Amino acid sequence: MSIPKLNHYPLPRDAELPQNRVDWELDPTRAALLIHDVQHYFVGFYGEDNPLIETMIQNIQALKAYCYEHNIPVYYTAQPIKQGKHERGLLSDMWGPGLQDPTQQPIVDALAPTEKDVVLTKWRYSAFQKCDFEQQLRDQQRDQLLIVGIYGHIGVMTTAVDAFMRDIEPFLVADAIADFSKEEHMMALNFVAKRCGKVIAMSEILGTQSQDLTSLEGLKAHILTLIDCEEDEFDEHESLIDYGLDSVQVMNLISLWQQQGIETNFIELAQIPTLAAWVELLEERKED
Amino acid sequence: MTHPLSLTDSQHAMWLLDTISGRGELFNVAECLEFKGKISANWLQQSLHHVWQASDTLACRFIRSDDYTPKLLPDDTVPEIISQELEHDPEDVLAFAQNFAKPYLAKPFDLNQEALMKLFLLRAPEQDYLVIVAHHLLLDGYGFGLFSQSLNRCYNALSKGKPLPKLRFTQQQQLLELHNSDAYLAQQKQAKETLNQWLDAVPAVNTFSDSKADVAEPNTRLTSTFEQSDWHTIQSAAQIADTTSSEILLAAIAASLVAQHQNYHVTLGMVMMNRQAIPELSCPCVQSNVLPLPLNLNENIDLSAAAALINHQIRALKKVQSYRVESLKRDRQKQGKSLSILGPTVNLLPFASAPKYAGVATNSHILSAGTTDDIMLQIHLLADKPATVDFDSNIARYTAADTLMIQARIFAAAEIWATQPKLTLSQVADLLRKKDL
């Protein structure tokens with residue numbers, strides 16, 4: 001009846017994100033940030049030292065710092081403890097009694113709200129339900145909502161749907177949410193991108209560019225992290241196999257390119273195992 | 001007039017295994033390429049013709065001279081793809097293809113007389129199926145991939161009305177010259193010393209069974225695929241531990257042996273691609289090798305440390321991978337040392353691809369990857385999809401229940417260690433034992 005024990009999984013890379021239907025641009029003068037349900041209780045299902053949660057928290061910290069810097073208001077949701085049957089409604093049938101222990105109610109320490117932030121009481125999946133959140137956003141003249149936190153396919157996604165129906169543009173930050181599983185995480189991103197909002201990566205908001213693994217420079221930088229060679233000694237026309245690149249690392253690259261819609265295979269790469277030849281092949285495939 | 005050429009060490013080793021065993025069929029391998037639609041038999045035969053004749057390591061016979069020295073005799077007779085009509089599309093393609101290939105896998109090739117590949121195009125109303133049965137002396141896993149990929153390139157060129165591509169395969173003579181070069185021979189000498197030193201330091205080699213069996217005993221296969229969610233956790237653990245999913249699987253195999261034998265020295269048999277130089281990478285032939293991967297683990301290492309040790313040892317193994325396992329066994333025999341030098345054999349296969357034939361998608365099914373006297377784990381690494389593992393085991397040593405238990409233990413070890421990468425090896429082994437695994 002309760003939430004299951006949750007495992008870690010890799011957060012989606014930029015190249016894995018779904019295509020957005022809308023071309024909304026994030027505008028700091030119109031945006032607010034919602035940090036959704038990052039309470040000890042919900043985080044606890046991931047166990048101690050869970051790397052997924054550690055990364056999500058680091059990303060939310062960076063995003064919150066960005067919001068402070070750009071005068072973007074920050075909101076939190078937190079569910080109350082010991083809700084009565086009437087207050088909790090059908091959630092009891094689905095998830096049991098929910099949060100009972102007062103020590104589990106606060107937001108996790110690493111993201112503790114400050115005086116500048118607003119903490120909303122959360123009653124249902126959507127942060128807007130039984131709450132004046134919409135009015136608070138209107139008062140602040142905010143009609144864009146960045147959403148981060150847990151769990152992606154439940155409260156986070158539902159809040160995005162609800163925001164959309166209130167003519168507030170939801171932006172789901174793909175690598176600052178966590179979910180029950182990667183499948184459910186991706187399902188939430190796909191639904192929002194196709195039906196009610198925009199899916200966005202941390203790198204896009206913060207202006208930090210991720211490596212282009214199809215360009216000579218981007219691929220070289222990536223490969224140099226895998227092999228034992230200094231940058232100034234590396235020759236793009238020398239065999240990468242001689243440099244110690246192994247078949248499994250090549251397979252990982254194939255998978256990364258596949259996520260960008262570029263199909264290659266191990267055998268064709270192995271026959272021309274130089275960086276220069278690979279970049280040329282990738283260029284051809286992009287044109288295909 | 002074509003002259004017979006010498007065999008490479010790998011070809012020679014396979015030829016000897018075939019000849020000495022007198023059971024050539026043990027070295028047959030088979031694959032079924034399932035086309036998700038109908039294809040042109042004519043284009044396929046033309047493609048085969050072009051690929052076959054571009055390589056003397058394919059277009060040849062492995063003849064035996066009067067003094068019993070095997071030679072490679074170029075022979076450009078191209079195998080005919082035998083076409084057969086099927087009334088219905090099979091419901092279970094793998095089972096159907098295995099059943100179809102069975103009699104051909106059971107029949108030895110005549111090395112002197114025959115091309116070492118048979119091809120069958122099975123034509124059902126909705127789909128076509130290409131079943132290929134070959135002798136391991138002709139191709140290994142990489143060689144098979146190179147052959148298949150070239151066939152696909154040619155087919156697609158024909159379908160577009162383009163000229164057939166120029167296939168730049170390395171020929172036998174070039175391969176022999178590379179393998180006879182001073183640098184290569186010096187590398188072999190060094191490899192021999194290193195491998196023997198490693199084995200001298202190994203106290204005992206354990207596998208999952210204590211009994212012995214002959215390679216001629218039949219093998220059975222259990223195929224298992226990781227759950228998507230478990231695979232995501234393994235991928236995530238690989239990111240955290242700065243390693244790869246395959247090294248986590250090797251760590252899990254090692255952990256399951258530790259749980260069984262309570263010995264922290266683990267030796268795996270690693271199938272090595274054994275192709276370093278570009279000419280070797282462009283030759284559809286047999287070249288792979290199986291060598292010991294000794295892992296001196298200890299009870300306190302966590303996943304990150306275990307994966308780092310495995311990575312370090314594989315890098316060292318790569319430097320010595322050209323020294324044949326048969327030569328290594330001979331060295332051990334001469335020194336009066338144990339011939340038991342390999343634990344369970346592991347084959348990491350990153351060669352999977354699903355090429356389209358003029359827009360028709362394909363799916364590849366490996367029907368048989370050869371024979372083992374112990375257990376061989378063929379790990380298919382499929383880009384972002386969960387890995388599939390074939391457990392091929394010798395029935396004289398493993399019952400179906402034994403193999404199922406080995407599979408459960410290894411998968412559980414991978415899941416436990418990936419979920420909690422900070423657990424030590426002894427804790428993982430304890431958890432496996434507590435679960436009766």
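I looked up B:Q262 first. B:Q262 is exposed, because 12 other C-beta atoms lie within 10 Å. My cut-offs: a residue is buried with 20 or more other C-beta atoms within 10 Å of its own, exposed with 12 or fewer, and partly exposed in between, the C-beta atoms being placed from the backbone. B:Q262 sits in the loop between α8 (245-261) and β8 (265-272) of chain B. Its phi is near 50°, a positive value in a residue other than glycine.

This is a predicted model, where local features need pLDDT of at least 70, side-chain atom pairs count only at pLDDT 80 or more, and totals for chains, interfaces and linings use all residues. Residues are numbered from 1 along each chain as its sequence is written, while chains are lettered from A and ligands numbered from 1 in the order in which they are written.

**Another positive phi**

I turned to B:A358. Phi of B:A358 is near 45°, a positive value in a residue other than glycine. B:A358 belongs to the loop between β10 (345-349) and β11 (362-368) of chain B. B:A358 counts as partly exposed, because it has 14 C-beta neighbours inside 10 Å. For element names I use DSSP runs, numbered from the N terminus: helices are H or I of at least four residues, strands E of at least two.

**Chain B: domains**

I checked how chain B is divided. The domain assignment gives domain 1 (9-173) and domain 2 (184-352 + 372-434) of chain B. Such bounds come from an automatic or database domain assignment. The centres of the two domains of chain B, taken over C-alpha atoms, are separated by 29 Å. In contact across them are 25 residues of domain 1 of chain B and 17 residues of domain 2 of chain B. Contact here asks that two C-beta atoms, placed from the backbone, lie within 7 Å. On the domain 1 side, α1 (9-21) and α4 (141-159) of chain B are the elements that give two or more residues. By class, that side has eleven nonpolar, ten polar and four charged residues. I count Ala, Val, Leu, Ile, Met, Phe, Trp, Tyr, Cys and Pro as nonpolar, Asp, Glu, Lys and Arg as charged, and the others, Gly among them, as polar.

**Chain B: a helix pair**

I then looked at helix α12 (residues 400-419) and helix α13 (residues 425-434) of chain B. They pack at an angle of about 130°, with their axes 10 Å apart. Axes are lines fitted to C-alpha atoms, for helices over the stretch in contact, and angles run from 0 to 180 degrees between N-to-C directions. α12(B) and α13(B) are therefore oblique to each other. The classes are: under 35 degrees roughly parallel, over 145 roughly antiparallel, 65 to 115 roughly perpendicular, the rest oblique. The contact uses B:R409, B:A412, B:A413, B:I416 and B:W417 of α12(B), and B:V428, B:L431 and B:L432 of α13(B). I noted seven nonpolar, no polar and one charged residues in the contact of α12(B) with α13(B).

**Chain A**

I moved to chain A. It holds twelve helices and six strands. Its C-alpha trace spans about 70 × 40 × 35 Å along its principal axes. Of its 288 residues, 38% are buried. The domain assignment of chain A gives domain 1 (14-205) and domain 2 (216-287). Their C-alpha centres lie 38 Å apart.

Where does A:T264 lie? I found A:T264 in the loop between α10 and α11 of chain A. A:T264 counts as partly exposed, with 18 C-beta neighbours inside 10 Å. Leaving out residues up to four places away in sequence, A:T264 touches A:I254, A:W257, A:L269, A:L281 and A:R285.

I also found a cis peptide bond, from A:I150 to A:Y151, with omega near -10°. A:Y151 is placed in the loop between β4 (144-150) and α6 (152-165) of chain A.

**Where the chains meet**

Last, I looked at the contact of the two chains. It takes 28 residues from chain A and 27 residues from chain B. On the chain A side, α2 (51-69), α7 (182-195), α10 (247-259) and α11 (266-271) give two or more residues. The largest share of that side, nine residues, comes from α10(A). The side of chain A that touches chain B divides into 13 nonpolar, twelve polar and three charged residues.
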